[in-house]
Amino acid sequence: MTRIDKNPEGGRAVAVSVRGLVKHYGETKALDGVDLDVHEGTVMGVLGPNGAGKTTLVRCLSTLIVPDSGTAVVAGYDAVHQPRQLRRVIGLTGQYASVDEKISGRENLYMIGRLLDLSRKEARARADALLERFSLTEAATRPAKTYSGGMRRRLDLAASMIGRPHVLYLDEPTTGLDPRTRNEVWDEVKSMVRDGVTVLLTTQYMEEAEQLASELTVIDRGKVIANGGIDELKAKVGGRTLRIRPADPLELRPLAAALDDLGLTGLATTTVDADSGTVLVPILSDEQLTAVVGAVTARGITIGSIVTELPSLDEVFLSITGQKASAPQDVRPELEEVAV
Ligand SMILES: Nc1ncnc2c1ncn2[C@@H]1O[C@H](COP(=O)(O)OP(=O)(O)OP(=O)(O)O)[C@@H](O)[C@H]1O
Ligand SMILES: [Mg+2]
């Protein structure tokens, strides 16, 4: 049985608990005192720009590297003192594909099952069940090198599920995948979470975090710079946007002009979203909302609809890290040897 620490506040047990984790590489502080908790059966999104320390965190939590100081406890097992027990309850899909390209998908999964001490029969059954689940049955006997990027990622996910992990680490699972394949991977992750798996997901894609994670930890240069629920972080960054649609579409420009004239202090100017026939105006308080509505009606413009929008996660990320989040189209090249 796995021991789980009870979380006194949330009711859900804490599956991953990290305190003061530090890891240096020479002069580089890859992790500089990281704290985080992942609750049972939830997805924690770890966001951060390149070099933030995401992979280093995942490596510490997988016992692949030993931290210089701090503690990491996964499903009740300490990463430094109980690495063997810990490894039995985790699954890992690394940032770069880890399957053996020369052998088939089925052989890859069978081999991992055998490494995890399953009998031949069990390993075969588990491989077949996972091939089916990840829609790889038809390609099961082909060498993995003939698989598309998405099929390889699905094989990676299947491989990390062989040992029925309690906690799964996904390190940038969809970097470089096309949108359709990315959606397939997201669906698989969601279905694993429904089955009760706890997931720690690192990503640079805000859309991925929105799709999968319930809580976020933003790290930069080895430090946690923000954490909390998605809406909580959005609210913390401050500011909302009003999206106003005039009842008469011809009043779109006059509406924008009225709002510009209002000159709300310290705010960016209004923007016209002609495609949707709406005007966007950033506000900082309820008083400003009242002022906006008052100014518009004073001009004789009838408001068709008005909605408040929280900032996008991209805006949150920009505001917290001072850097733009990656667009999913950024296909990062796999590491490869360069002939000199
Ligand atoms: N084996 C290593 N030797 C030396 N420095 C390392 C090593 N691994 C990581 N680093 C450094 O530690 C820092 C954190 O790296 P890490 O790979 O954890 O970042 P990351 O957030 O995963 O980045 P990316 O988004 O590019 O994958 C970086 O400055 C990196 O250069
Ligand atoms: Mg990384």
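Helices here are DSSP runs of H or I with at least four residues, strands are DSSP runs of E with at least two, and both are numbered from the N terminus. Counted this way, the protein chain holds 11 helices and 14 strands.

This is a predicted model, in which local features need pLDDT of at least 70, side-chain atom pairs count only at pLDDT 80 or more, and totals for chains, interfaces and linings use all residues. Residues are numbered from 1 along each chain as its sequence is written, chains are lettered from A and ligands numbered from 1 in the order in which they are written, and side-chain values use heavy atoms, with hydrogens and water left out.

## The chain as a whole

Along the principal axes, the C-alpha atoms of the protein chain fill a box of roughly 80 × 50 × 45 Å. Of its 340 residues, 45% are buried; buried means under 20% relative accessible area, exposed means over 50%, and partly exposed lies in between (1.4 Å probe, protein chains only). Contact means heavy atoms within 4.5 Å. Among the contacts in the protein chain with a separation of 6 or more, 68% are between residues 24 or more positions apart.

## Two open sheets

Strands of a sheet pair through backbone hydrogen bonds, either parallel or antiparallel. Two strands count as paired if DSSP finds at least two bridges between them.

One open sheet has 4 strands in the order β2-β1-β4-β5, with antiparallel pairing. Its edges are β2 (28–39) and β5 (77–78), each with a single partner strand, so one side of each has no neighbour in the sheet. Strand β1 (residues 14–25) runs antiparallel to β2 and is joined to it by 9 bridges. To find a spot along this pairing, look for Val18, which stands opposite Leu36 in β2.

Another open sheet also has 4 strands, ordered β12-β13-β11-β14, and its pairing is antiparallel. Here β12 (271–273) and β14 (303–309) are the edge strands, each with a single partner, so one side of each is left without a neighbour in the sheet. On average, neighbouring strands of this sheet are turned by 25° against each other, direction ignored. Strand β11 (residues 240–246) pairs with β14 over 6 bridges in the antiparallel sense, and Leu242 stands opposite Thr308 in β14. Helix α9 (residues 252–262) lies across β11, β12 and β13 (278–283), running at about 15° to β13.

## Helices side by side

Two packed helices are described by the angle between their axes and the distance between the axes. The axes are lines fitted to C-alpha atoms, for helices over the stretch in contact, and angles run from 0 to 180 degrees between N-to-C directions.

| Helix pair | Angle | Axis distance |
|---|---|---|
| α5 (residues 149–161) and α6 (residues 179–194) | about 15° | 9 Å |
| α9 and α10 (residues 286–298) | about 125° | 9 Å |

Angles under 35 degrees count as roughly parallel, over 145 as roughly antiparallel, 65 to 115 as roughly perpendicular and the rest as oblique. That makes α5 roughly parallel to α6, while α9 is oblique to α10. A crossing is left-handed if the near helix is turned anticlockwise from the far one by less than a right angle, and right-handed if clockwise. The crossing of α5 and α6 is right-handed, and α9 passes α10 in a right-handed crossing.

What do these contacts consist of? For the classes, Ala, Val, Leu, Ile, Met, Phe, Trp, Tyr, Cys and Pro count as nonpolar, Asp, Glu, Lys and Arg as charged, and the others, Gly among them, as polar. In α5, Gly150, Arg153, Arg154, Leu157 and Met161 meet Thr181, Glu184, Val185, Glu188 and Met192 in α6. By class, that contact has 4 nonpolar, 2 polar and 4 charged residues. In α9, Leu255, Leu259 and Leu262 meet Ala291, Val292, Ala295 and Val296 in α10. The contact of α9 with α10 has 7 nonpolar residues, no polar and no charged.

Helix α1 is mostly covered, with 7 of its 8 residues buried, including Lys54, Leu57 and Cys60. Just after α1, Thr63 takes a positive phi of about 65°.

Gly51 lies in the loop between β3 (43–47) and α1 (54–61), and its 73% relative accessibility counts as exposed. Ser214, in the loop between α7 (206–212) and β9 (215–220), is partly exposed at 39%. Leaving aside neighbours within four places in sequence, Ser214 is in contact with Thr42, Val43, Gly229 and Ile230. The C-alpha atoms of Ser214 and Gly45 are separated by 7.6 Å, although the two residues are 169 apart along the chain.
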